[in-house]
Amino acid sequence: GSPSSSPTASPSMGPSAQPSSTPSASSSSPSLSPSAMPSLKPSSLPSQNPSLSHSLRPSFSPTRAPTHSPSLAPSVKPSPLPSTAKPSRSPSKKPSQLPTVTPSMSPSSLPTSPKMCSELTSEEREIRIKDLLSMNTPVSVTDGDMYHDSAFQWIVHEDSAQLCPEVNNEDDEVSLNQRYTLALLYFALDGDSWNNCKREEVDGGTSSCQTQQRNFVRSSVRWLDGSKSECDWYGVTCNTFDMVEEVILDRNNMSGQVPNRLFGLPNLTEINFNENNLTGQISTEIGHARQLQNLYLGNNLYTGPIPSEIGLLSDLRRLDLDKNQLSGTIPDEIYSINSLTHLDLDNNRLSGSISTLIGELENLFIVQFDFNGLTGSIPSVVGSLPRLEYFTAVANPFTGVIPESMCGRAQNSDLGDITIYANCNMCTIEGCCKKCFNTHTPTL
């Protein structure tokens, strides 16, 4: 029952219940062949050949080389090398440092990257995206099918982001909608001819990707760069929730008609497309951009009337539609935008008179009506606008004169003076106009 005090001359037929305190006299190193049964406790040195059956307890440290057959239980620590044969029957408690040669029987707890649509085939994904895009916009889609098809093919097949319109995946659905909308904008406005940051395969990295915004320059990435968020594309700014807020692409050689879908982006606060070659009429769908604060469409080729739906933009502060070919009257709805500070309508073909409703625009700071076909007289209520500092009405066939209420306000009230530019025949009160002009009214 107890071990001998000295080693035996020949090995016993079976293992000792306890290990001897000294090694056998005949063995100064491990035996060349394994014992028929495993030791109850591990030896201090390894055998040169593996035992015929597994040990009753796992080793405390990983083996230096992979085993030829899997263990019955996972190892406590990961091995430095992958297994060469079959996978283990259950997952390891910790990941291995290298991938296994064959897959595990159980999935990993975290997804691999890049993310793919786990529940949809490519055909199902395409159908789901089409359904989603047809529903996820409040505006009517009347843009050319060619541009929609180009944007759709890009978002489905070429965009390396490979967004998934899966159930209960609202983040991807929102991103997919605005990403598609911006791709549509690129194709509809001839993005491959833009001055700045056109897509890589067209540009070859030659154009600038620096955006001047407010008082700083922001580095951006090229449009349709699938490896980046659309929030990083040139001229695009998003809020902290990655929702598009601003699209600033002035002086960018854009041509064509702005797709209606752009006005359906729910968080859009600024559109700046000044000094491009945009054509057609300003869409009535612009009334859906209810968060819009700044709208710059000046110095383009727009024709037709100013849409009355602009009056729905109750947060609008700056409206710049100058240097186009807009016609018709100034819609009364514009005078209901109490937040308006800048109204810039010069150099168009506008007709009719200035409504007395202009007196409702208490925050108005700058008004420019030059070079149009406006008639009648300047309403005297303009002189009561508390924040008005700059008013120009050169080269219009007005029949009246600058009202006395607009002249010398600093002397007669608590209101500041207004800098006025008009035709000389309108500036009858001495010192009222900053400068007058004998400019002929343009032929409309």
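**Exercise 1. The ring cluster**

Work out which residues are linked by ring pairs into a cluster in this predicted model.

*Solution.* Start with the members: Trp154, Tyr186, Phe187, Trp194, Trp223 and Trp233 are joined by ring pairs into a cluster.

Now zoom in on Tyr186 and Trp194. Their ring centres sit 5.0 Å apart and the planes meet at 65°; the cut-off for edge-to-face is over 60 degrees, so that's what we call this pair. Next, check the burial of both partners. Tyr186 has 1% relative accessibility, and since buried means under 20%, Tyr186 is buried. Trp194 is buried too, with a relative accessible area of 1%.

**Exercise 2. A pair across the chain**

Classify the pair Phe369 and Phe391, and find where each partner sits.

*Solution.* Geometry first: the centres are 6.0 Å apart with 85° between the planes, which makes the pair edge-to-face. Now for location. Phe369 lies in the loop between strand S14 (366-368) and strand S15 (373-374), while Phe391 belongs to strand S16 (residues 390-392). The two are 22 residues apart, and their pair links distant parts of the chain. Last, accessibility: Phe369 comes in at 1% and counts as buried, and Phe391, at 0%, counts as buried as well.

**Exercise 3. A loop aspartate**

*Solution.* Finally, list the contacts, leaving out residues up to four places away in sequence: Asp322 touches Gly298, Asn299, Asp344, Leu345, Asp346 and Asn348.

Definitions and conventions:
Residues numbered from 1 in each chain as written. Predicted model: local features only at pLDDT ≥ 70, side-chain atom pairs only at ≥ 80, totals over all residues. Heavy atoms only, no water. Contact = heavy atoms within 4.5 Å. Phe/Tyr/Trp six-rings, centres within 6.5 Å; stacked < 30°, edge-to-face > 60°. Buried < 20%, exposed > 50% of the residue type's maximum accessible area, 1.4 Å probe, protein only. Helix = DSSP H or I, 4+ residues; strand = E, 2+ residues; numbered from the N terminus.
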